Amino acid sequence: MNLEYTAVGLRELVFEGKGVSPGLAFSKTHVNARGFSAPDVYSIRVDQVDSEIEVFEKALAETREQLEGIRETVSTISGDEESQIFEAHIFLLEDRTLRQRVCSMLKDRLVNISYCYYAVIQGYMEALRRVEDSYLAERAIDLEDVAMRLLDNLIRLGDKAPPIEHAHVLIAYDLTPSDTVSMDRDIMLGFATEKGSHTSHTAILARSLGIPAVVGVEDAVMNVVGLANCILDGTRGLLIVNPSRETVDTYREYWEKEEILRIRLKSESSLPSETVDGRKITLSANVEFANEVDQLKTNGADGIGLFRTEFYLLESDEIPDEDQQAELYKEVVKGVSPGMTIFRTLDSGGDKMSGEVLETPEPNPFLGRRGIRFSLARPEIFKVQLRALLRATPYGKVGIMFPMVSLLSELERAKALLEECKSELLSEGYEVGDDYQVGVMIEIPSAALLANELAKVADFFSIGTNDLVQYTTAVDRVNELVSDLYRPADPGVLRLMKMTVEAGLNNGIWTGVCGEMASDIELLPLLIGMGIEELSVGVNKLPLVKSAIRKLNYQECREMFGECLALGKAQSIRKRSHMLARKAYPVVLNHVLGTESNE
Amino acid sequence: MLSQEVIVKNKLGIHARPAAQFVKTASQFSCDIRVEKDEEEVDGKSIMGLMMLAAGYESKLVITTEGDDEEEALKIMTDLVANNFDDN
């Protein structure tokens, strides 16, 4: 742990948000102000000052030219009176005090010129907005207009943020999933955003990467400067900038305790995943990046229960071709063997990857062309993926799983396409394994209600609890206004899950859980009790979940689950499960509470 | 160094356009031109400074000039304010 004390005189700033991925990061801030029409902030070297000023001068000149052009046009159309405002804009643009302040900030702070300009302008605008005369206050807009024009030019003229090279905590207004994919995970130690919720995709990603994240941190982008010391506490939902000596010492102590627990859990991770009374639970990992595969075995995974292919497929502008896909799938399968790798086919749409390359926006993407619906509508994309997956089957145990299935016919059509691909491949001379399994994600209520029919055509079920909860209870998990109504222990949801497990048993197929709920150790007794045979969790959660499984008694869980079916409220169900969990693993439960209880 | 008090008479106060007029006129002189309002003094050749004064209708300004052409500058600048910056 590398922790610096903040220089005397800098005030400690504490921002409260919602911790969505536990853990601690001690680092420097990096502020990404995109989406706020403000530039990125990064530091420059002393020898770059002159070239920054040069770019600034160039941008000023170009902006002046643009403004003069506008003034002339307006003057021709509407006369001098109207065009005078653009003359005023030119004066604002070239104001010497403003320029001096920007340049001295550049030299003193050694941060990029665009940010200096932005910060100086913000200062002026703030002052103007505070003016009592409301007309004058409103005219801050003139300044904003000029500033935005100059910033556009500045950024276009080469104020390009260099790749960040220092370890940092990213502070941003919001992150798109593609932002999170492209970030350098070796140096990004955590992130704090103004938007987002516990179940938004970026939060899920943070948990899967095992880095702390805090969302709902109001005003952080405006008030935090780049390169400040900070502590990000994803467990308590705090971002502390310029931490005081006392704060640092407190956190150091806390961090050491966490470390001890983490090491203890990890030391047990190679033990078998079974309950005290001997029920075996397959413990697998949710994975999105091929490089996570290395950590599976050290963290005690039996295999991959969910390989999310959309990150890989949609990461670059073009979808990788069949050979490229086949190569990646093969490497993953070989890396995980003798364990099983379950690939989920492209799950685009909803809050997932942008899909911009593929789709025009839908009015309600969550009820739109997501998952298998997209794949079936675009067989030219789907078949490439299916063929590539089949080509990986000779190298180990492979599961192919379809997301967002709501109808029996969708599963049938997907399977028919898979068969078609298989015979094509065989006739082309490729080898295809015989023992791959075809699975269905159960994440839509109609699929759970139809589980008995689906089970006759599928080899396994994997319950995607995030979507199942959202579709069953009609709660948008990203909407902060209702996210407190998002309750995995909802009795309706539990009944659908139970139906799924029973339909599976009746037809001789197994049921797993790959949603967030699988790593909620407060609810783990419920999942074990309802007869779930496989759990798939984020790589960093594996040791925790395994340790919990090993302390539970299957028979006790079964009885408890049976009693819960008579309860009508999520809170009471969670409480029952909590009591059992508390009895079995009080220390680990304490460790995670505070971030994980939604109910 | 010369100074003179003047009252802002245009209804909308010194917003961007009159401020620009002021700066444009002031820049024709070589002398220093400063504008003071409520003990806050700014550079009369900087539009930002003038706007920051937030000089609304009927606010009292003191214009100070210092340099070779200070006399002419003071007259022209006070006239400009008194004549509503050729604004409304």
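Me: What is the handedness of the crossing in which α13(A) passes α15(A)?

Reply: In this predicted model, α13(A) passes α15(A) in a right-handed crossing.

Me: Why are α13(A) and α15(A) called oblique to each other?

Reply: The axes of α13(A) and of helix α15(A), residues 379-392, come within 8 Å and cross at roughly 40°. Angles under 35 degrees count as roughly parallel and those from 65 to 115 as roughly perpendicular, and the two helices are therefore oblique to each other.

Me: Which residues of α13(A) and α15(A) meet, and what makes up their contact by class?

Reply: Glu322(A), Gln325(A), Ala326(A), Tyr329(A), Lys330(A) and Val333(A) of α13(A) meet residues of α15(A), among them Val384(A), Arg387(A), Leu389(A) and Ala392(A).

Me: What makes the strands β9 to β16 of chain A a barrel, and in which sense do they pair?

Reply: The eight strands run β9-β10-β11-β12-β13-β14-β15-β16 in chain A as a closed barrel, with parallel pairing, and the twist from one strand to the next averages 25°. Helix α13(A), residues 322-336, packs on the sheet, where it touches β10, β11 and β12 of chain A, and its direction makes about 145° with that of β11(A).

Me: How do you know that β11 and β12 of chain A pair?

Reply: Two strands pair if there are at least two bridges between them, and β11(A), residues 340-344, and β12(A), residues 397-402, are joined in the parallel sense over five bridges. One example of a bridge partner is Ile400(A) in β12(A), which is set against Phe343(A).

Me: What are the bridge partners of Ile463(A) in the strands paired with β14(A)?

Reply: Strand β14(A) pairs in the parallel sense over four bridges with β13(A), residues 437-442, and likewise over four bridges with β15(A), residues 510-513. Ile463(A) is the bridge partner of Ile442(A), and in β15(A) the partner of Ile463(A) is Val513(A).

Me: Why are both faces of β14(A) said to be covered?

Reply: In a regular strand the side chains alternate between the two faces of the sheet. In β14(A), residues 460-463, Phe460(A) and Ser462(A) lie on one side and Phe461(A) and Ile463(A) on the other, and all are buried, a term that requires 20 or more other C-beta atoms within 10 Å of a residue's own.

Me: Which helix supplies the largest share of the side of chain A that touches chain B?

Reply: Here 19 residues of chain A are in contact with 17 residues of chain B, and α2(A) gives the largest share of the chain A side, six residues.

How values were computed:
Residues are numbered from 1 along each chain as its sequence is written. Chains are lettered from A and ligands numbered from 1 in the order in which they are written. This is a predicted model: local features need pLDDT of at least 70, side-chain atom pairs count only at pLDDT 80 or more; totals for chains, interfaces and linings use all residues. Axes are lines fitted to C-alpha atoms, for helices over the stretch in contact, and angles run from 0 to 180 degrees between N-to-C directions. Two residues are in contact if their C-beta atoms, placed from the backbone, lie within 7 Å. Angles under 35 degrees count as roughly parallel, over 145 as roughly antiparallel, 65 to 115 as roughly perpendicular and the rest as oblique. A crossing is left-handed if the near helix is turned anticlockwise from the far one by less than a right angle, and right-handed if clockwise. A residue is buried if 20 or more other C-beta atoms lie within 10 Å of its own, exposed if 12 or fewer, and partly exposed in between; C-beta atoms are placed from the backbone.
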